[in-house]
Amino acid sequence: MGIIERIKEIEAEMARTQKNKATEYHLGQLKAKIAKLRTQLLEPPKGSSGGGDGFEVTKFGHGRVALIGFPSVGKSTLLTMLTGTHSEAASYEFTTLTCIPGIIHYNDTKIQLLDLPGIIEGASEGKGRGRQVIAVAKSSDIVLMVLDASKSEGHRQILTKELEAVGLRLNKKPPQIYFKKKKTGGISFNSTCTLTHVDEKLCYQILHEYKIHNAELLFREDATVDDLIDVIEGNRKYMKCVYVYNKIDVIGIDDVDKLARQPNSVVISCNLKLNFDRLLAKMWEEMGLVRVYTKPQGQQPDFGDPVVLSSDRGGCTVGDFCNHIHRSLVKEVKYVLVWGTSARHYPQHCGLGNVLNDEDVVQIVKKKDKEGEGRGRFKSHSTDPARISDRVKKAPLKQ
């Protein structure tokens with residue numbers, strides 16, 4: 001029996017099992033088995049060289065956004081409208097067969113937009129090149145899930161289920177669970193809050209399913225069984241997702257209003273070119289890019305080419321800003337002057353740990369070289385040796 005058949009058999013057993021206090025331990029073990037099998041399904045087959053037939057493209061710009069959705073929902077048209085890059089669009093499904101990149105120039109930044117082939121139900125099992133599409137989506141900063149507003153709401157649940165099956169968690173934060181394997185000492189179970197979804201016995205059974213008998217486990221929040229399994233697996237990626245409902249020109253205004261009020265959702269129309277500005281603003285807000293402008297000493301700030309930072313790509317502190325310019329710059333910094341919303345007054349002397357906000361202006365003052373601090377009588381650094389024994393003795397006076 002293959003891995004996919006075993007997963008379907010366990011899912012059928014979970015569907016037959018009633019959910020109550022008596023069966024929650026059994027259901028927890030079944031969930032752990034499915035998670036292990038899906039991890040094996042994502043691993044490359046033994047004996048393979050590792051090179052696949054994926055269509056990964058080189059990262060470019062300050063951020064990466066992936067378009068995911070069913071066939072014929074308007075992904076290629078949206079890419080052409082936003083970037084100007086031509087992506088073939090037709091009335092039949094699966095027009096796009098490979099990954100087509102484009103560049104969005106927005107707020108003095110360059111954002112890479114990827115048009116991916118449409119995925120279908122069963123993509124996590126490899127149907128319709130689904131694994132390659134999801135692998136490219138994993139390498140992006142956020143996901144734009146393009147949906148057809150005229151079709152049923154079930155498409156959103158199907159796509160979310162397929163992405164979660166391969167370890168993508170959309171619009172979720174990592175669970176506050178501390179987990180560490182040990183060599184000896186058994187399992188140490190603690191919690192800082194009241195647990196309503198799991199208990200100590202269930203955690204022991206799930207850990208034994210993974211053949212873990214020595215570990216530390218600390219719950220800092222009321223987490224579920226799925227959260228515990230995600231922490232044990234350790235290969236989950238938590239990403240932000242914006243749900244883009246296209247083709248709103250074919251439905252009523254009440255349906256448009258209902259879709260627009262859902263969280264993390266934007267309604268657009270590629271046919272009538274409606275609401276693109278709101279889509280770009282929402283995408284910018286979710287990516288959390290921070291533009292920092294540089295100011296040389298005694299000169300005006302350079303507002304032409306900002307340094308773009310992100311909390312997902314290195315961080316947004318002054319030290320991260322210095323590392324972005326050059327790695328050796330951190331050692332030479334004496335202090336930093338900051339103008340902007342992150343400063344309490346203008347300018348503010350800041351250290352390397354200060355967090356920068358969008359459109360801040362930064363001036364870096366470097367340490368001066370001790371040898372060049374002055375000349376002649378203004379010289380503050382003496383060249384005399386530090387020890388008396390190292391001084392050159394004067395010649396004795398002539399008698």
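Asp 305 is part of strand β12, residues 302-310; strands (E, at least two residues) and helices (H or I, at least four) are DSSP runs numbered from the N terminus.

The model is predicted: local features need pLDDT of at least 70 and side-chain atom pairs pLDDT 80 or more, while totals for chains, interfaces and linings use all residues. Residues are numbered from 1 along each chain as its sequence is written, and side-chain values use heavy atoms, without hydrogens and water.

Buried means under 20% relative accessible area, exposed over 50%, and partly exposed in between (1.4 Å probe, protein chains only).

| Residue | Relative accessible area | Class |
|---|---|---|
| Asp 305 | 57% | exposed |
| Cys 99 | 7% | buried |
| Cys 241 | 1% | buried |

The structure has zero disulfides, a disulfide being a pair of cysteine sulfur atoms within 2.5 Å.

Helix α6 (residues 200-209) packs against helix α7 (residues 225-233) at about 35°, and their axes are 11 Å apart. Axes are lines fitted to C-alpha atoms over the stretch in contact, and angles run from 0 to 180 degrees between N-to-C directions. The α6 and α7 crossing is right-handed, that is, the near helix is turned clockwise from the far one by less than a right angle. On the α6 side, Leu 202, Cys 203, Ile 206 and Leu 207 meet Val 225, Leu 228, Ile 229 and Ile 232 of α7, where contact means heavy atoms within 4.5 Å. This contact of α6 with α7 comprises eight nonpolar, no polar and no charged residues; Ala, Val, Leu, Ile, Met, Phe, Trp, Tyr, Cys and Pro count as nonpolar, Asp, Glu, Lys and Arg as charged, and the others, including Gly, as polar.
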